[in-house]
Structure formats: structure tokens, C-alpha cells
Protein chains: 2
Amino acid sequence: MRTLTVDLGERSYPIYIGAGLLARADLFKAHLTGRQVAIVTNETVAPLYLQKLEASLSGCELMAIVLPDGEAFKTWETLQLIFDGLLQARHDRRTTVIALGGGVIGDMAGFAAACYQRGVDFIQVPTTLLSQVDSSVGGKTGINHPLGKNMVGAFYQPQAVIIDTAVLATLPARELSAGLAEVIKYGLICDEDFLAWLEQHIDALRALDGQALIEAIERSCAAKARVVGADERESGLRAILNLGHTFGHAIETHMGYGVWLHGEAVGAGTAMALEMSTRLGWISSDERDRALRLLIKAGLPVVPPAEMTPEHFLEHMAVDKKVLDGRLRLVLLRRMGDATVTDEFPREVLDATLSADYRALVAQLDQ
Amino acid sequence: MRTLTVDLGERSYPIYIGAGLLARADLFKAHLTGRQVAIVTNETVAPLYLQKLEASLSGCELMAIVLPDGEAFKTWETLQLIFDGLLQARHDRRTTVIALGGGVIGDMAGFAAACYQRGVDFIQVPTTLLSQVDSSVGGKTGINHPLGKNMVGAFYQPQAVIIDTAVLATLPARELSAGLAEVIKYGLICDEDFLAWLEQHIDALRALDGQALIEAIERSCAAKARVVGADERESGLRAILNLGHTFGHAIETHMGYGVWLHGEAVGAGTAMALEMSTRLGWISSDERDRALRLLIKAGLPVVPPAEMTPEHFLEHMAVDKKVLDGRLRLVLLRRMGDATVTDEFPREVLDATLSADYRALVAQLDQ
């Protein structure tokens, strides 16, 4: 088992990474304050792993809240089911909410924990690669609003993140690829060595090689913990974690939550950020192409939806949380392995990026 | 103008108290970060004070969100109207939400500010006596759930509390009395001198004497600031501010939100807490009667609803936020001016308190 720490003063917490951690009752019990535990999970994950987790929590006053599966359910209505369950079972302020699932479950269970009786403990047990390397670490919680993704939420840190890599065995290949979008992101924004490592191990990762997975998850979580430790509430640096996300959120919102997986939208959004960084002259077209090849080898889309016009993108991007005083700020690459958040770009370059021919860009990769 | 400080380290903020502060543009502008301001108010307050506040905010990118009035609207559905308004007007993370209204508006606008884009600035401008002396100070925000009052919310501190005592001129007498319930509370829980002062000035307060109001509000806010400064997240001491509230919340929940005003329910709930403290032998029946007389002179009910049985109370009190590991904790008086939060009471004394004859208790006061 590997152990990392997210260093946030009195809100610091450990990340445990290893195969089979769901069965480690000692890990869970070390992080419970009271006797009550509410496991929040979904209809897909519950039949696979709920019993195993419940076995590790024997002796607790235990309840399970099983939600419908998917980004389309990351809404107030679904969140309300968590509050209903907690209140009906009379869970008090010393209860612990455990999120057993992917990013949607983690975001919703975390936000419910942040709000229930103005805040109770919670533990993240992420079951998708995307949530293991990204959303379970750092305390961003929330739900979607019809007008924008993650627009309602809280910064609220868990007591611990417990990552059982064995659960990836049941993860659909499409979801694994979606998680790789965020793994590749860390290489692009802050770790060029990791990018090189990923180029060598991308096939092993897609084949679920245990050692490769642990290595990739640990390096990803370490990068995330570093950034979050330096800027918990995204007043500056933390925004670099949003590489590809401003374009990606526009895709998710436009297409309808859940039609594109978050990681897929980030894949195409990252391609757009790469293209824009190239047009600004910050990275070369060879560097852009190297990153595009890696995204494609990871099984990710790098072409935005044909039905989305530049106007569609601009409309959705106007409500991005990085907009300040009316100015759009984007995460772009100054160099490979070095991202920046900036509003200093000519409007024409953004327009050209939004109307670029990404199909042609992919076609020329093979030449 | 009087100025107090709520001392919470980097989350410290001032409370300004005085007649005519709504017109003090300088006070408001000193606490704005960005150019956008969203005033959240209700249909009752807007016609009276919205224009005056807007005049003090000239030059800002201003919007007003006018909600229906009343505790019955302290729900997710109403909260959603705030998020809708903010998103439609494309307010960003640097916006400031200003709560212009009573406790319901302050709680909802504060919770919206806590959650919108995971947290934006807000300023409390309380317009009822109750919100001026209690709910606007200390950062408790939230909404009601059908199964319990304030069950969903956040601890989220404002940038400033701006209390214009002149607005009390338009407050209905019933609301003024409701506010006095919380004023009297501070005397009972931590300031016996203030209790004696209140006995002398209760008629002046009900007659809206300007100096008496400022004095009562300042002493109340100072008491609240002291308690909150010592225990922001209610891990201990802060719970004493809930004197009468556990019984009172049961009344509010049972009768339907808004049928009894919060302060009225606290009045009757305080009578019950006084009776229980007397039955435990902690205060004398003379002391109880002295406090009951003050509550009655303030225009408050001290008899719980005839239709509520002890079973009704127990059912609603079981979901109180002070319940820990299944044990009910109550705020009771050890002495006049000295409250405690305790689960150490014989069950029979609670049962006797719930089935006591409060009409008879009032009747004997006049003998």
C-alpha cells in the first residue's frame, strides 16, 4: 500500500493506494468519529462492491443510499435523496458519509456531507480511474445546474481517500479511457517526465497492469495533492488542473450531461487547448501532435462534436467559474509540462481555435 | 454608529449598528471585492428598502432577486431562484450577495453565497429585530427540510453585518416581539445584568425607542460575537445559543413552517426550558416566573400549542442537530444568566416538562 498526504493544516488527510483496500476494515475504522455510517453509492457499483465494504464496517450503525447512475443525475433532486435517507435514519452530526463510486457519487456525497447539519465527516472510496486520480482528492464537491456544470457546491475535504485499484477490473474500457484523460493532464500541466512514462506505459494501463496502474495513480494523486496543498480554494495555481475543462464543460453542458463522459469531453477539450497553445506559438505543432497521439492511444476523442459551433462554445464558456469581471480565462500550455491560467490572448486566436478543423488535424498525424 | 468585531481569525468581520446605515454607501463599498452585486430580498422588504440600498450601490453591476416572503419558502426550490438569477446574469466568483431582509432571507442568501461557484462574498443587511440580534451574526446559513429545520446548510461567514435600526419602524409588532425572544435569551444564558436592564426597558423597546434599541442590539450582538468567536462550528459552547430552540423547532416543524414565527416558538420553547430547569432544581420557581413575566411583557407566547402531545415533541426532537449517538441534548439553565448543554437529566423530568400545564403556570403568575 502507498500512502500520500494532502497537506492542508488542520484539514490534512491521507490517500491510501493499493489492491484490495476495500477489505481493510482497519483503514476505515481509523477514520470514523461516531458509530453511524452512511454509504452513498449507485445502482452500478452497489451489486459489485457494497457488500464487501459493508463487511469492513461491521459493528457500525450502517445504512446504504443507492442512487441512480450517471452525470445526468448529479442534480439537486438526487442530492435530496441523500438528505432524506440521513434524516429518516436519524443520522446525527457525528455520522460519516462514505462515497463509494465514481466522480458523480464523490461530488454529490461530499456536497451532502458538507451541507448535512452544516457539515459531517466523509470518506472517499473512488471506484473509477477518473475519480481515483482526480475528483476524490482536493475537496471539490457539488452538483450541476441546468445552466452550468458544478455551479453549486462547496470546498469540503474528506477525512481520507481510500483507493482500491482492484475495483478497476470491472470498469468499462470507455470509463478507463476517460480516467486516462486526467492522468495525461498531469503530465501536460506539470510533469513532462510523467508524460514520457505514460507514452511508454499507455498500453499496459489500458490492459489493467496492476503495477502500472498503481504507479500512474500515485503520480497523479501526488501532483494533485501538491497543487491543492498550495491553493486549496482555487485563488490561483489550482486552476491549472482545469486544462481542457473549459472547452470540455461546454461540450458536456451542450450535449446534455452524461452523453459524453467527463473524461471524454476533457480529452477533446485538451486537444483544443493544445491547438490554441500552438496557435499562440507557445508549443510547437510537433509537441501538440505528440500529445494528440497519446490522447488517441488512450482511447479518447480529440475532435469536438460536429454539431457545436464556435457560438455554442462561447455561450457556455461565458459562465465558466474562471471568468472574472467578464473576462474569460483559459488554461493553456506555455511549454509541455508547464500550464498557465490566462486571459491574455487575442480574441482571434480563440475564434480560430473554436473553428479549427480537428478532423484534419487527426488525419495529418498518420501521414 | 457602533462597531463590533466578530473575531474569527482570517474570517473576522465587523458589525455596524446605527440608524440610517442603509444610506451609507461608504460602508457597503468598503466590503465589495468585484463590480457585481446581487441583492437578495423578499416581496415585503423590497418595496420598503430596495431602492434605498440600490442608491448606496450606484456604480455597481447590480441585480435584485426578490423572493416570496416567509419561513414556508426557506426551501431548496426558493434557493434555486437565487442560483438561477446569478447564472442568468452571469455573476462570477467575485460577485457579492447582499441579504436584505429577515432571518429567512439571511439564511438563504448566505447559503446561496456559500454554494454558488463553491463560495462567493456576502453581506448581511438584517431588517428584522430577530435577524439583527441573532441570525445575521455567526455564519449559520441554510434551508429547511420537510423532516427538520435548518437541516441543510453551511457555516459561512459574511464580509460584514450592516444593521440599520431605522428599518424597525416598519416592522410589525408581532415580529418585534419575536425578535425580543432572542434578546431575552442572551440575558438568560450569559448576562444576568442585561436581564435586569431588559426588565426596565422592555416597554421602551416595544415602543421603538431608538437609544434602547441600539443598546439592546449592541449587547445582544456582543454576546453572540463572544460565543461564536469561542466556538465557530458549534463543537461545544455555541450550542447554548439554542436555549428554547429544541422545543421551539419541534413547534415550528409540527405546526408547519411559518405558522408560528421562529421567535414565538422560541418564546414558548424558552418557557419549557425554564420549567425543566426548575424541575431539575437548578433555578427556583421565582426565577422561572420572573423570566416568564418578561417573555409575556415582550408580547410572546409562553404556552406551547394545545394540539401538541409529548409524543409529538419527542418525535421532532429526535432529529435535533444536538442529538449525538442517539442521546438528546438540551440547553438548560444552571442558574439565571448561566446556560449549559446537557444530556444528563432523568427521562421523567423531560416527560413531566412536556406534559406540564403551562396555562396554569401563567395563571398563577397573576396571583
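These legends describe close-up views of a predicted model.

**View 1. Two domains of chain A.** Chain A is divided into domain 1 (2-167) and domain 2 (173-365). Their C-alpha centres lie 26 Å apart. At the boundary, 36 residues of domain 1 of chain A are in contact with 37 residues of domain 2 of chain A. The two domains bury about 3000 Å² between them, with 64% of it on carbon and sulfur atoms. Leu129(A), Val133(A) and Lys149(A) supply 22% of the area that domain 1 of chain A buries against domain 2 of chain A, more than any other three residues.

**View 2. Polar links between the domains of chain A.** Seven salt bridges are found across this interface. The side chains of Lys185(A) and Asp134(A) meet in a salt bridge, at 3.5 Å from N to O. Across the domain interface, 11 residue pairs are in polar contact. On the domain 1 side, β1 (2-6), β2 (13-18), α5 (129-135), β7 (140-145) and β8 (148-155) of chain A each supply at least two residues. The largest share, six residues, comes from α5(A).

**View 3. Helix α8 of chain A.** This helix covers residues 210-230, 21 residues in all. From first C-alpha to last, α8(A) reaches 30 Å, close to the 30 Å expected at 1.5 Å a residue. Asp209(A) caps its N-terminal end. A side-chain oxygen of Asp209(A) lies 3.2 Å from the backbone nitrogen of Gln211(A).

Notes
Residues numbered from 1 in each chain as written. Chains lettered and ligands numbered in written order. Predicted model: local features only at pLDDT ≥ 70, side-chain atom pairs only at ≥ 80, totals over all residues. Heavy atoms only, no water. Helix = DSSP H or I, 4+ residues; strand = E, 2+ residues; numbered from the N terminus. Expected span 1.5 Å × (residues − 1). Polar contact = N/O pair within 3.5 Å; in protein donor to acceptor, adjacent residues only side chain to side chain. Domains from an automatic or database assignment. Contact = heavy atoms within 4.5 Å. Buried area = accessible area lost by both parts, 1.4 Å probe. Salt bridge = Lys/Arg side-chain N within 4 Å of Asp/Glu carboxyl O.
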